[in-house]
Every structure is written in structure tokens, then in C-alpha cells.
Amino acid sequence: MGVKLKDIASACGVSATLVSQVIRNPEDPRFRPETRRLVLNAARKLQYVPNRSAANLQRGYSKLIALVTPWNMIDFTDSVERSSARAGYQTVILASAEPDVNYQYRSLELAISLQVDGVIWLPYGNPEEVRRGVKLLQTRQLPVLVFERAVEPLPEGWTLLVENYALAGELAVRTIAVPGTRQLAFISSNPEATCNRPLIEAFHAAAANAGLPVRTYFPSLEDVPDNHQRLFEALRAFVLSLPPGCSIFCDGDWLTWDVSRILPGWPALLSYGDFRIGSRGRLPELISPGISALRRPFCRLGEEAVALLLARIAGKEVSNVVRCDEIELIVRSEITVPDLSPAEHVQGRNALQSYQPQSLKRR
């Protein structure tokens, strides 16, 4: 026989009702910290495993939501998990190490089989592959919160949560168009993504208002299949072809990382993302010197995603499209524009590294 709620209650000297409430929603502020610790420690010691299937049948809902995403964005995932826990829900996180369309579909099937109450979904793939996932979710008529990438057309009863990409594009130009700038470069990995269009358009419009030409480059694995080295070399050729007085904006921290490898110490570089990488920190701050960045508001977006999805689950009126206007400029080093071209900058650094004064040579 498995451990029951009354066994935990007996061990703690409290009622089974209280034990049930604490286990279902341990973050509830109504519980005193010492009561919460007492119940949870006893449940852990007795190796209590809740019977979710029975509870779901009894309540008519699971108190589970699923987060389905093609990659694990730590800030966003943490925020979703914490926000749902505060509301008495648990989050099933279904994220792959590398984007994979088939894994995404299997994740949606798993979410449905777990009888989740709703899904937060960041779609991945071409329009036909995304429509396949949409049809699957519609078979259960689940409340769905689509994050970042638009589903067209958006099904009835779904909500799309997006960032203010237009604001990000304008802020990027204002940040890197410092005195001495003669040209801007925009590097993005996916110009066709719906979410990237307003970012690209706003960047070009702001640059035009500032009287600055823009060179754009969109490296894609589809251009050079399964060959990351050739992809890096193509990016390197573009970067080293840029003229003097050029400021560079990278849509994505990993692109920023690659550009910093090509142009170490280039002082006119801005990243869009500023993701957290586990306990190691954020990628742009791991580069020496630290790279300034526009930090995407993933913590705020996680909170908004959960709040909107739970409102849908509760049958409340929710807008079909919700935009988050929060964005933060993180300054880690001063942005200045060299008179040298990127190619001259690299040649100069190589010359300095290879130079050895005569007085320091071993006699």
C-alpha cells in the first residue's frame, strides 16, 4: 500500500485537509513557513507520491500546464515555472537541446496525454509543420498561449504574446549610432521569422532617419547544410568586408559570440538577447571586454504568459494579441567607432601579438 495523506497528517499532527492543501499549493502564502516545512519534509521522508490521475478525475482539471519550446531559454522557463507555482499549478517543461520539428510534435502529443489544462508554445518549423501542431492542439480544444512566433491565422481562443520588436530596432540604432559612425551592419539568423520582421524594418527605418546606410547579413544553416565551419567562414567574410566607421548589431547572443571571435575587442558591437546560460552568467558578459546588450524581457514575458494562459483556462476574456513593451539596455563597455575597418583592426591586433621587442628576446 502506498503512503496516503492521512499518514502524513498523523506524522505531523495536523489534518489531512491541511496536508492536501499544502502539497497541492506549497507556495500559498496562507501557510506558515514552519507548517509548510513540516508537511513537505514528512511527505518526502515517507516517500509520498500523489495519485494525479485520481485527483484529475475528481476535480475535472489537472493543475498542470505544459511549456513546449524548441530550446530552453532559462530566464523564460524559470519565470513560467515560478509564476505557475504561485498560482497553484505545476509546469511540464518540454524543451529540446537542439530545435527539432519531430520532437516538438511528440512534445505536444505528450502534453495532451498528460491532460494538461493549457499549453504555452513557442512554435518551430515552416508554416506547414506549425499548422500540423495547431491541428493537434485543436483536437483537444486546449487553451493555448503562443509565444514569440505568430501562428497565422491564430485560432479562436488562442493568445499570441510578443515583444515590442519595433522598439528594440529603434533603440539599437540609437545606441550604436554614436559620433563617428558612417555605416551600420545588421546580422540576424532568421529574417523570415514573423517576429524578426518588425525588428528588421524598425532598424532600417531608424537608420534611414539618422542618415546611415545599412548592410545586412542573414547566415542560415540552410545555405550551407550541416557545415558550421563554412557558416562561420561566410560570416567572417562578411564582417571583414565592412568599411571603417561601422557599428554592428547582432540579433542573438551566439551571433555576437561569433562576431567577437572574428573581431576581438571591436568596440562598436551590440547584442540583442542577453540570455542567461545556467550558473555561468550571460553570454555577452563572458566575452572580454563585456559586450553591451539589449536584454530581452524573458522574466516579464514568463509572468505574462502564465497570467494570460490561466485567464484563458478560467474562461475569462483575454485579448488575442498582447505585446510586452519592456526592454533594457545593459551597458558593459563604451561603444565607440574605430576609424579602422574590421579587416585593418584584425591585422593590427595580429601584428601586436606577433611583435616582440628586441630587449625582451632571450640572449
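Is Glu148 buried or exposed? Glu148 is buried, with a relative accessible area of 5%. You'll meet this residue again in one of the close-ups below, all of which come from a predicted model.

**View 1. The whole chain, before zooming in.** This predicted model has a chain of 363 residues, and 45% of them count as buried. Its secondary structure comes to 14 helices and 12 strands. Take the contacts in the chain with a separation of 6 or more: residues 24 or more positions apart account for 68% of them.

**View 2. E1 and its partner strands.** On to the pairing. E1 runs parallel to strand E2 (residues 90-95), and 6 bridges join the two. To find your place, look for Leu67, whose bridge partner in E2 is Ile93. Getting from E1 to E2, the chain passes through helix H5 (residues 74-86), and this β-α-β crossover is right-handed. E1 also pairs with strand E3 (residues 118-121), again in the parallel sense, over 4 bridges. In that pairing, Ile65 stands opposite Gly118 of E3.

**View 3. Phe76 meets Phe298.** The ring centres of Phe76 and Phe298 are 6.3 Å apart and the ring planes stand at 70°, so the pair is edge-to-face. It links distant parts of the chain: Phe76 belongs to helix H5 and Phe298 to helix H13 (residues 298-313), 222 residues apart. Phe76 is buried, with a relative accessible area of 2%, and Phe298 is buried with a value of 2%.

View 4. Most residues other than glycine have a negative phi, and most peptide bonds are trans. Gln115 sits in the loop between helix H6 (101-113) and E3, and at 42% relative accessibility it counts as partly exposed. Another is Glu148, with a positive phi of about 75°, and it is not a glycine either. Pro153 is found in the loop between strand E4 (144-147) and strand E5 (158-163). The peptide bond leading from Glu152 into Pro153 is cis, with omega near -5°.

**View 5. An open sheet with six strands.** Read across this sheet and the order is E7-E6-E8-E9-E10-E12, with mixed pairing among its 6 strands. Strand E7 (214-217) and strand E12 (328-330) stand at the edges with a single partner strand each, so one side of each is left without a neighbour in the sheet. From one strand to the next, the twist averages 20°.

View 6. Start with the strands: E6 (residues 183-188) and E8 (residues 246-251) run parallel and are joined by 6 bridges. Ile187 has Cys250 as its bridge partner in E8. Helix H10 (residues 228-240) packs on the sheet, where it touches E6 and E7, and its direction makes about 175° with that of E7. Helix H11 (residues 253-262) packs on the sheet as well, touching E6, E8 and strand E9 (269-273); the direction of H11 makes about 155° with that of E9.

View 7. Phe186, Phe203, Phe218, Phe249 and Tyr272 form one aromatic cluster. The charged end of Arg132 sits over the ring of Tyr105, 3.6 Å from its centre. Likewise, Arg261 has its charged end over the ring of Phe232, 4.3 Å from the ring's centre.

Methods. Residues are numbered from 1 along each chain as its sequence is written. This is a predicted model: local features need pLDDT of at least 70, side-chain atom pairs count only at pLDDT 80 or more; totals for chains, interfaces and linings use all residues. Side-chain values use heavy atoms; hydrogens and water are left out. Two strands pair if DSSP finds at least two bridges between them. A crossover is right-handed if, with the strands pointing away from the viewer, the path from the first strand over the helix to the second runs clockwise. Buried means under 20% relative accessible area, exposed over 50%, partly exposed in between (1.4 Å probe, protein chains only). Axes are lines fitted to C-alpha atoms, for helices over the stretch in contact, and angles run from 0 to 180 degrees between N-to-C directions. Contact means heavy atoms within 4.5 Å. Rings of Phe, Tyr and Trp (its six-membered ring) pair if their centres lie within 6.5 Å; planes under 30 degrees apart count as stacked, over 60 as edge-to-face and the rest as tilted. A charge sits over a ring if NZ of Lys or CZ of Arg is within 6 Å of the ring centre and within 35 degrees of the ring normal.
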